[in-house]
Each structure stands twice: as structure tokens, then as C-alpha cells.
Amino acid sequence: MASSNRQWLLKKRPQGMVTLDDFEYVENTIPKANLDAGELLVKNLYFSFDPAMRGWMDDEPSYLPPAALNQPMRATSVAQVIESGNPDIAKGSLVQGMFGWQDYAISKPTDLIPTTPLPDGTPPTMALSIFGGTSFTAYFGLLHIGQPAAGETVLVSGAAGATGSVVAQIAKIKGCRVIAVAGGAEKCQWLKDDCNIDDVIDYKQDDIEKKLSELCPDGIDIFFDNVGGDILEAGIEHIAEKGRIVLCGQIAGYNNDQPQPGPKNLMHIITRRVRMEGFIMIDFIDQLEAAMNDLVTWVMEGKITYREDIQQGFENIPTTFLRLFSGQNTGKQLLKLAEPE
Ligand code: NAP
């Protein structure tokens, strides 16, 4: 075991775009678990990076309390149990939880997000990528909120990312025609060639309004939006009568210091009788098993493909987080610290 615990603390709340200065590197003593109280001492192996973490950095009420200042930045990871006071979680086993940007963490039975063991044999990266929270988000958001029917047209923004790429492929599995919006030629090519998506729009090159007019003259039945801003407005412009807009995320505005203006065309929601609904994945936590069964089947049948973007090294944690907001990540953004022992 190492002699100290490396940590990246949330030093200050970002003003606008998150910067490296918002975090501070420190070394601390390795914490001690109170085994009598059912605690675990865990060692982080792989971190997940999620756009929602940017929202946790603000001092705003949300579905989770703000991340605490001067504490390791809140983050999901896969870790290995070093000491266990929980008879159901053996020493040496792999677990997932919100253990924060540090080498070692204490998991308590009272934690807001409970620590869960990885299903036997699941590779740590897959537990955070294709069998992790972003895929469940895609599954529940599309199937429960979007409610696709075969033959419908589905528009997905942020489509080359961890959530969007799974949405697009589940929509194909359900017999829909899928139009994907992503940034850059490489991501658009991957969506066409590997994910079998019908049409792609490169929002960094194309006139998205013009493209949507050409590609869906009869309108969009379901718009799964990960981005917000101008892309949301363009999707609303082309939504069909009785369409559904699934509000999953608004990454285009997460680093704005002022709230972005609302879409100017909301009247279409009324005149076209559209349902626009937001959701948070954890609302469906009691249905994870059914979703996991479907995801495993589709991946094994080759109907869903995915990409992991695995950075390395504790020193690179904050820069890896920033990659999400410039579109540098190709697929689920992860960072590797160590392999299980
Ligand atoms: P991701 O899509 O793997 O990575 C983020 C991607 O967002 C980037 O690669 C980039 O792709 C795109 N992006 C960044 N800034 C942008 C901008 N200004 N305009 C347009 N696109 C931009 O991340 P993810 O974890 O799957 O999350 C995707 C969305 O889902 C986020 O909005 C997130 O908050 C949301 N989410 C919601 C829930 C929920 O429960 N509701 C759960 C998980 C995630 P390009 O290269 O294509 O620009």
C-alpha cells in the first residue's frame, strides 16, 4: 500500500468555464475505516468523468447537494476493497461508488450513493462505460420517456458520446430511422460506419436547420437532446405533431456564467401537441436489472458498439475532466489509475 493518499480537491466554484485552477493537488494520510461500523477502505482503479460533475461544482440545489469545497472532487469510480467491515463485500472485491478524486476512500453504509459490488467477471471499464450509468440513461430516457415505435424518426444530439451513441443504437434496434448530431468528421463517420446510423449532421460544419429540413421533411417524432441551446431550438423547429422531446442534458450551457436564453420557438410545443419531459437516470434505479439484461444481450449480439476513451495517471485527472467540454473525448471518458491486484 502507498504511504500517502493523493487527492484533487475542489478548491473553488468555477465562474463560467471550469479551469484547472478550480482544483488543488494535495497529499494526505490514508484514511482508516471503522470496520465495526460496516465501513470499507477502498483503492480507486478507474474514474468515470461525467458532464453532470460540472453542475455539482456550483452552489446550486439539484438532485444531489453541491460537491463540498476543499474535499476530493465527487466522482464515480471502480475501486478495490482493501479492508472490509461489511460481511457482504469481501476484501479484494471490485466495487463501484462515488469515492472521489483520491487514491483511497472510506465507503460508509450511510453514503448518499451506496457502494455496489461489480457483477462477477465484469471488466472495470465496462462497468463504467457500456454497462454503466450513461447506458442506463440512454435506455430509460429513450424507452420510458421517448417511447419509440418502429418506423418513427429519432433525432439524437451529443450522439457520438457515451449516452448519445447508445440512444442512437437502441433506437435502431427498435426499428426507428435515426439522425445523429455530433461534432467533427471522425465522430460522424464512426456513427455511420460502426453504429449503423442512417444520417449524421456535423454541427460544427453543417447548417443544422437546413440539414434537418432536407433529412426530415415530415418532422422528427422523438428528439433525445443531450446538448440544449441552439441544437435544442433546431430540434423543436422540426418536431412533428405528437412528437416527444426527451431532455437528458444541456452540456452546451454547463459552463455559462449566465443562464442561456430559452428556445424562442416553444409555441411549437403547444400547436403541435408535443410532450417535452426531463428525467434523471436514478429515478429508474429499481429497474436496473431488466435494463442490464437487455444491454448485455444487445452488446453480445453485436447490436450495440461502444468506445472507451481511457486516459492515464493521477496528475491528469482535472485535464481529463475538461476534455468533455471541448469534445475531445471519443466515447465514454475514463481514467486509469491501476489494475486490480
Ligand atoms: P459524452 O456525450 O460522452 O461527452 C460529452 C460530449 O458533449 C462531448 O464529447 C461533445 O461531443 C459534446 N459537447 C460538449 N460541449 C458541447 C457543446 N457546447 N455543444 C454541443 N456538444 C457539446 O458525455 P455523457 O456522459 O454521455 O453525457 C451526455 C449528456 O447527457 C450530458 O448533457 C449529460 O449531462 C447528460 N446526462 C444526463 C443524465 C440524466 O440522468 N439526465 C445522465 C447522464 C448524462 P461533440 O464532439 O459531439 O461536440
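**Notebook: ligand shell and a helix crossing**

I looked up the ligand in this predicted model first. It has 25 residues around it, and T163, K187, Y203, Y254 and N329 come nearest (near: a heavy atom of the residue within 4 Å of the molecule). Numbering starts at 1 along each chain as its sequence is written. Local features need pLDDT of at least 70, side-chain atom pairs count only at pLDDT 80 or more, totals for chains, interfaces and linings use all residues, and side-chain values use heavy atoms, without hydrogens and water.

Next I checked polar contacts (here, pairs of N or O atoms within 3.5 Å). A polar side-chain atom of N329 is 2.6 Å from a ligand oxygen. For Y254, the distance from a polar side-chain atom to a ligand oxygen is 2.7 Å. N226 uses a polar backbone atom, 2.8 Å from an oxygen of the ligand. I then noted that the ligand alone exposes 910 Å², of which the protein buries 89% (Shrake-Rupley method, 1.4 Å probe).

I sorted the shell by class: 14 nonpolar, 10 polar and one charged (Ala, Val, Leu, Ile, Met, Phe, Trp, Tyr, Cys and Pro are nonpolar; Asp, Glu, Lys and Arg charged; the others, Gly among them, polar). Helix 3 (133-146) and helix 4 (162-173) each give at least two shell residues (helices are DSSP runs of H or I, at least four residues, numbered from the N terminus).

Last, I followed helix 3 to helix 9 (residues 288-300): their axes come within 10 Å and cross at roughly 105° (lines fitted to C-alpha atoms over the stretch in contact; angles run from 0 to 180 degrees between N-to-C directions). The two helices are therefore roughly perpendicular (65 to 115 degrees).

Definitions and conventions
Polar contact = N/O pair within 3.5 Å; in protein donor to acceptor, adjacent residues only side chain to side chain. Parallel < 35°, antiparallel > 145°, perpendicular 65-115°, else oblique.
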